[in-house]
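Hi,

Here is the structure I said I would pass on. Have a look at it first, and then read my notes below.

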Amino acid sequence: MQTKNNTTNDVEWVWHPALFEQDSKLLNPAEGSSLELNEAVLKLRARSSVARSELNPEVFDKLSRRRFLIPKECALVATHGLLKSAQPVVEVECAQHSTPWGLIGAGVWQNPDPDLAVHDVLAGLRRGLQRSLAIVTSANSWNWNEMSTSETYPCRVVDHGNLIVDSRIDTAQDIASRLLAATRTVGAQGHNPVVIGGDHSIAYPVISAQRERWKQLVVVHLDAHADARPIPHGQQTADCGNFVTWCLADEPDLPWLTLGVRGYDPEFSMPSPLTAKHVSFIKASDLGSKQCFDEIEQHCQGRPVHLSIDIDVLDPVFAPEVAYPAIGGADPDIIKEIINRIRSSGTIVGVDFTEVCGPMTRRNLAAMHAIDMLTHILTPKRTIS
Ligand SMILES: [Mn+2]
């Protein structure tokens, strides 16, 4: 059922265009990586492209993991680098045989109000996530909520760093193309992308890459807002208010379920998402009803699921640090239950998580809930088989 469009073995891998050779090393200054030029690397360096199946798995992992090799289709936009390692590194390795999550930071804010203090959000989310995953997966941890030990929560996260953004010269379209390439690169390595933002505009390139990878993909979108506004004339890529319109304009067949909408929308683009074939909405006040869970189960049944989460799906009582707070939102426990239902009916193959704003103090509630929710998604409870 979960047929991939491109199996990872079909991808053609090429040398990263930013690489050059110096003093018996292969350097990628744009991404801050280097590799010893030994005989095997030199021999491979002579090749213009290579298939994964031609390389020993360890060699492939080493070369693709730090993007010495990248998928051919991503090379054109990678000239100035795609991703760069960021602190703190969020890596967890306690479930060797499960598919790793591939973490990408994408601190993209198209038009942030100065009072939203977004400059340190990504670093704060990384700090919180690293701490939270370390506790949940530690051998000594005891979970009072579930009355169980931590070995119940296998988890594997590979950190691919943050998207390279140069605000002096990059256009919104440059950034979107780079994030599309970065998400493809992570997906082609066989990792399920987890992209933390940033504003919700990042979901358009992320979901585009996911749809290429999974023919049967469905999207579950948790948000106070439909983000389905019309595309202004001449706009080159999605903004945070219309990324759904962009996704569905490209892929009218993509099954899409938006959960948690409420309030008034002065610009909802009725015709455009609804000309898409399988779009539905569950408003915030209906979350948690039997009908809601039935619809989620039907939507996800046996399919690969991409989760697109805007933290403002929570009520501002829980998550006040957002750009557009909306009264009457969800309770965090209902969202966790929804995630459980999605997981029991489909397979979560990727996440974008957006719209946490600053200031990033230790009392930022939106960030605390974002980290708790991400931890819940990344550490599914082990099922006894
Ligand atoms: Mn949104």
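**Starting from helix H5**

Let's begin with H5, which covers residues 203-213 and is mostly covered, with eight of its 11 residues buried. Keep in mind as you read that this is a predicted model. The buried ones in H5 are Ala 203, Tyr 204, Pro 205, Val 206, Ile 207, Ala 209, Gln 210 and Arg 213. What do they pack against? Their neighbours are helices H4 (172-188) and H6 (243-250), along with strands S13 (192-197), S14 (218-222), S17 (304-310) and S18 (347-354).

**The chain as a whole**

Stepping back, the chain has 10 helices and 18 strands. Its C-alpha trace spans about 65 × 55 × 45 Å along the principal axes. A compact globule of 385 residues would have a radius of gyration near 21 Å, and the chain agrees with that, at 21 Å. As for burial, 44% of the 385 residues count as buried. If you take the contacts between residues at least 6 apart in sequence, 77% of them join residues at least 24 apart.

In soluble globular proteins, nonpolar side chains tend to be buried together. Here the largest nonpolar core has 99 residues, and the ones with the most contacts inside it are Leu 125, Leu 179, Val 220, Ile 311 and Ala 370. Which element gives the most to this core? That would be H4, with eight residues. Domain 1 (8-77) and domain 2 (83-378) both give residues to the core, so it lies between them.

Leaving out residues up to four places away in sequence, Ile 311 touches Ala 319, Val 322, Glu 355, Val 356, Ala 366, His 369 and Ala 370.

**Some strands to look at**

There is an open sheet of three strands in the order S5-S1-S6, paired in the antiparallel sense. Its edge strands are S5 (50-51) and S6 (69-71), each of which pairs on one side only. S1 (residues 12-15) and S5 are joined over two bridges, and Trp 13 stands opposite Val 50 in S5.

Then there is a hairpin made by S3 and S4, with four residues between the two strands. In the turn, Gly 32 has a positive phi of about 75 degrees.

Two cis peptide bonds to check:

- Gly 197 to Gly 198 is cis, with omega near 15 degrees; Gly 198 is in the loop between S13 and H5, the helix we started from.
- Gly 358 and Pro 359 are also joined by a cis bond, with omega about -5 degrees. Pro 359 sits in the loop between S18 and helix H10 (365-378).

And two residues other than glycine with a positive phi:

- Ala 117 has phi near 40 degrees and lies in the loop between strand S9 (101-106) and helix H3 (121-137).
- Asp 227 has phi near 50 degrees and is found in the loop between S14 and H6.

Are these two buried or exposed? Ala 117 is partly exposed, because it has 16 other C-beta atoms within 10 Å. Asp 227, in contrast, is buried, with 28 other C-beta atoms within 10 Å.

Cheers

Methods. Residues are numbered from 1 along each chain as its sequence is written. This is a predicted model: local features need pLDDT of at least 70, side-chain atom pairs count only at pLDDT 80 or more; totals for chains, interfaces and linings use all residues. A residue is buried if 20 or more other C-beta atoms lie within 10 Å of its own, exposed if 12 or fewer, and partly exposed in between; C-beta atoms are placed from the backbone. Two residues are in contact if their C-beta atoms, placed from the backbone, lie within 7 Å. A nonpolar core is a set of buried Ala, Val, Leu, Ile, Met, Phe, Trp, Tyr and Cys residues joined through C-beta atoms within 7 Å. Domain bounds come from an automatic or database domain assignment. Two strands pair if DSSP finds at least two bridges between them. The radius of gyration is taken over C-alpha atoms; the globule rule is 2.2 Å times the number of residues to the power 0.38.
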